[in-house]
2 protein chains.
Amino acid sequence: MDLFAYSDLRKFCEQVFTEMGCPPEDAELASDVLLAADLRGVDSHGVARLIGYVRLWESDRINPTPDIRLVHETPSTGVVDGDSGLGLVVAPRAMEIVMEKARHVGSGWISIKNSNHFGIAGYHAMMALKEDMIGMAMTNASPLVAPTFSTDKLLGTNPIAVSIPAGEESPFVADFATTTAANGKLEILQRKEAEAPLGWVQTADGEVSTNANELKQGGALLPLGSDREHGSHKGYCLGSIVDIFSAVLSGANYGPWVPPFVSFLPLPDNPVGEGIGHFVGAMRIDAFRPAKEFKDHMDNWIRTFKNANTVNGQDKVYVPGEPEERMTQERMSSGIPLLPPVINDLKSIAEKFSLSF
Amino acid sequence: MDLFAYSDLRKFCEQVFTEMGCPPEDAELASDVLLAADLRGVDSHGVARLIGYVRLWESDRINPTPDIRLVHETPSTGVVDGDSGLGLVVAPRAMEIVMEKARHVGSGWISIKNSNHFGIAGYHAMMALKEDMIGMAMTNASPLVAPTFSTDKLLGTNPIAVSIPAGEESPFVADFATTTAANGKLEILQRKEAEAPLGWVQTADGEVSTNANELKQGGALLPLGSDREHGSHKGYCLGSIVDIFSAVLSGANYGPWVPPFVSFLPLPDNPVGEGIGHFVGAMRIDAFRPAKEFKDHMDNWIRTFKNANTVNGQDKVYVPGEPEERMTQERMSSGIPLLPPVINDLKSIAEKFSLSF
């Protein structure tokens, strides 16, 4: 795989978002969010998705100059209308609002409607770290997941991210889809023409399957837990909570009505809300106990887990966020690897906008 | 199994808590929480645990007349010191505080230290429903769970409960351990001398196992997801978030330092905090959008999932909370079944306090 410098990819993304009509600060912010995925090793959510955003914009489903507004609020809560903007811009703006609320009353919680896909949830949650706050972000997404006992795809992979500051240690950053495996993992197997482990997908009839292409044949992703015996009803609960907090609270589309990310699929009939939904939050650490005290204990917590004994064949126990932190350092210095199809997509975007790539 | 009337069991529990020295309103509240578990079918957390609380009290680990205090607060957050009280009493009191905060500023979030086991998380989360609020409750617990790739037991089954009001439909109530299977499920298999499914437990060396008695031989429960390939790192993230929100934020014991529920096990050396920790929250629905609007959409959400197509061999898709709601109605009318060992425990408690059972 060819390696690309962070700064080059970022500059290219900024140019593309500018060509789409985004104001300079929005083009910068959207690029920052997108590249954070590549740095952290979440390749499916980085520049590989740029073409998806371009296509949505071409289909008039992205407003490059949205009027992002707080349409309802209390001192600690509110609803933001994203005005069909890029989720990459809408979500960080909403994070700024919850952090402002947390500064005033200890915590802030915003449900967001009328948005689009927001990149990696972890980026938004991590914004809170710099002010010694816990950050949270979640989003609903296109329906690919069947609830326990069902053959219908009613939920998205609906990720949850939680970031928690530490002292000397790197922060705790959890960011995960509420399915057994994210769709990006299946795409990797499809490219390799490999089978999927049992428990990732089911057939259109709800039977077990190892076919990595099952979704194209009417199958579904499975909630975290895979089957009832292994707790899939818990993954189903988690995905549902994300859907309700993100969309039923805000007035976005939920469940099977969530619009698809890919522009070639039609929008669902009879929408129940506006766009897709997110939910973000922030809690000031010192709204609970002195930040120094908390961070000392977080360091102890993190070291306890990092230094735990390992099972045979593993050399270390990871703390959430640690592998992504290491990947960021590595890719910042040696570059970001891109697959040939992604490079081709970026070249076609460059051609479309008469940019160089 | 013998069936017992709700009112008889409840009266008995009230008498026992009164004998332990609890004030009348605390004895009532603790009994209400305990019996809610039996009604909802979570038999492991109901009157079967009464003897555990009695033994903790006998070991001077329960203060029957705690001074439950808010020791730090902002308009939307705070820390409660449970003063070694029954978690069954401390948690609902903290819920009252978060609901009061939500009334004023839209949401309320309390981290709790110096408490004991609080029964089912769902009881506390559901308290918010009567005021059209979303309720949340979580708790850490004795370390029985190994993080992904580790042989050390560093987390409890750390449950999360979220309750969400609906209109004509029953509320959405999720309440689940962040492990593949709760410890109570293993106990059922132990009594039957049956094997556990692969993915519930591991041996002391971290190997896969189907031995339902594995924990007694140094083994551990597995986080939701069972193994890395099926997302156990996500269950590990969830259990960690519960531990940190409940205990690192409040100043309770976390990770391997959480005191055991059973009184015959010694308390960990060098505690890092006070007692066990919980985290509770409430958000007013109309702090986001009008409650009627929200509840109409929740009804639509719930009906969409309830009416989804089923896989072969299943006749219905459940909405979280629905089976427990049905069980409650059934057991309220026909009685609560108790196993012979539980009946014996209750008889021995009756004898101890010269009560009749």
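The legends below describe views of a predicted model with chains A and B.

**View 1. Confidence of the predicted model.** Chain A has an average pLDDT of 96. A score of at least 70 is reached by 100% of the residues of chain A. For the complex, the predictor reports an ipTM of 0.98 and a pTM of 0.98.

**View 2. The relation between chain A and chain B.** Chain A is superposed on chain B by a rotation of 180° with 0.0 Å of shift along the rotation axis, and the RMSD is 0.0 Å. This is the relation of a two-fold axis. Gly225(A) is the residue of chain A that comes closest to the rotation axis, with its C-alpha at 2.4 Å. Of the interface residues of chain A, 100% are also interface residues in chain B, so the copies meet through the same surface.

**View 3. Two domains of chain A.** The domain assignment divides residues of chain A between domain 1 (1-64 + 336-357) and domain 2 (66-180 + 222-288). The C-alpha centres of domain 1 and domain 2 of chain A are 22 Å apart.

**View 4. The area buried between domain 1 and domain 2 of chain A.** On the domain 1 side, 24 residues are in contact with 25 residues of domain 2 of chain A. About 2,200 Å² is buried between the two domains of chain A. Carbon and sulfur atoms give 64% of this buried area. Val33(A), Arg61(A) and Asn63(A) together supply 31% of the area that domain 1 of chain A buries against domain 2 of chain A.

**View 5. Polar and charged pairs between domain 1 and domain 2 of chain A.** The rule finds 1 salt bridge across the interface of these domains of chain A. The side chains of Asp26(A) and Arg93(A) form a salt bridge, with an N to O distance of 3.0 Å. Across the interface of domain 1 and domain 2 of chain A there are also 7 residue pairs in polar contact, both residues at pLDDT 80 or more.

**View 6. Helices on the domain 1 side of the contact in chain A.** Two or more residues each come from α2 (24-40) and α3 (50-58) of chain A to the side of domain 1 that touches domain 2 of chain A. The largest contribution to that side is made by α2(A), with 10 residues.

Notes. Residues are numbered from 1 along each chain as its sequence is written. Chains are lettered from A and ligands numbered from 1 in the order in which they are written. Side-chain values use heavy atoms; hydrogens and water are left out. pLDDT is the predictor's confidence in each residue, from 0 to 100. Copies are superposed by least squares on the C-alpha atoms of residues with pLDDT of at least 70 in both. Contact means heavy atoms within 4.5 Å. Domain bounds come from an automatic or database domain assignment. Buried area is the accessible area (1.4 Å probe) that two parts lose on being put together, summed over both. A salt bridge is a side-chain nitrogen of Lys or Arg within 4 Å of a carboxyl oxygen of Asp or Glu. A polar contact is a pair of N or O atoms within 3.5 Å; within protein, one must be able to donate a hydrogen and the other to accept it, and residues adjacent in sequence count only if both atoms are side-chain atoms. Helices (H or I, at least four residues) and strands (E, at least two) are DSSP runs, numbered from the N terminus.
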